[in-house]
Structures are given as C-alpha cells and as structure tokens.
Amino acid sequence: MAEAKDLLESGEYDTARKIFLELTDLPGTGDLASECLYRPAEACMAAEDWDGAIELLSRIPDYRDSRSLTLQCHYRKANELEEAGDLENAAAEFLMAGEWGS
C-alpha cells in the first residue's frame, strides 16, 4: 500500500492504480484507485483536453465531483466547437452537458 501511495504522489498513476485495484481487501483502496484517474483528468482539463478528461472521468462517475466535471468538459468542448463553426457537434456536446452551463 505504501508503495502505491508513493507512486500516486510521484505521478505514476497507471502503476499505482493497478496496485490499488489488487489490494481489494484493504479499506480505501477503491478511492485511491479512483484518484489515479481523477488527477490526470484534472491535468487534462487544465490543458483543455476535454476528450481526455471526459474519458478518464467517465470511468469514475461516482468519485468526488466527476459527474459535474464531465458535464463541464462537455460544455467547454461544445463552446470550442461552436466557435469553430461545427454547430452539429457543438449541439450534441451541449446536449451531453445538460444544465451545467445554464
């Protein structure tokens, strides 16, 4: 467990996640495994990589504020598509964002 926590803190998310998922008998490892996806999703959002963030967050929908962040990413992506003139795909993303941007 200590090794996996060290890996998490050093940014070795994939390796840390694998270890946490193997430690199913220890309390808290599920949340730590989810954190290994959440942190890279936050980095994707900071880099405005909406698709990357959506993909990661969709794997942990019940962790922290992942659902809300996923809707936010769809909204941000929709805005970019709209600005680029891709109205059809922007409309689809706005639908996936639901009420987030209202």
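A salt bridge is a side-chain nitrogen of Lys or Arg within 4 Å of a carboxyl oxygen of Asp or Glu. The model is predicted, so that local features need pLDDT of at least 70 and side-chain atom pairs count only at pLDDT 80 or more, while totals for chains, interfaces and linings use all residues. Residues are numbered from 1 along each chain as its sequence is written, and side-chain values use heavy atoms, with hydrogens and water left out.

Q: How many salt bridges does this rule give?
A: Side chains of opposite charge can pair when their charged atoms come close. Under the rule stated above, the count of salt bridges is seven.

Q: Which residue of the salt bridge between Glu35 and Arg64 is buried?
A: The side chains of Glu35 and Arg64 meet at 3.0 Å, N to O, and the two residues lie 29 apart, Arg64 in the loop between helix H4 (50–57) and helix H5 (66–83) and Glu35 in helix H3 (residues 29–46), where helices are DSSP runs of H or I with at least four residues, numbered from the N terminus. Buried means under 20% relative accessible area, exposed over 50% and partly exposed in between (1.4 Å probe, protein chains only). Arg64, with 52%, is exposed. Because its relative accessibility is 8%, the buried residue is Glu35.

Q: What is the distance between the closest N and O atoms of Asp62 and Arg67?
A: Asp62 and Arg67 are both exposed. Their side chains form a salt bridge, in which the closest N and O atoms are apart by 2.5 Å.
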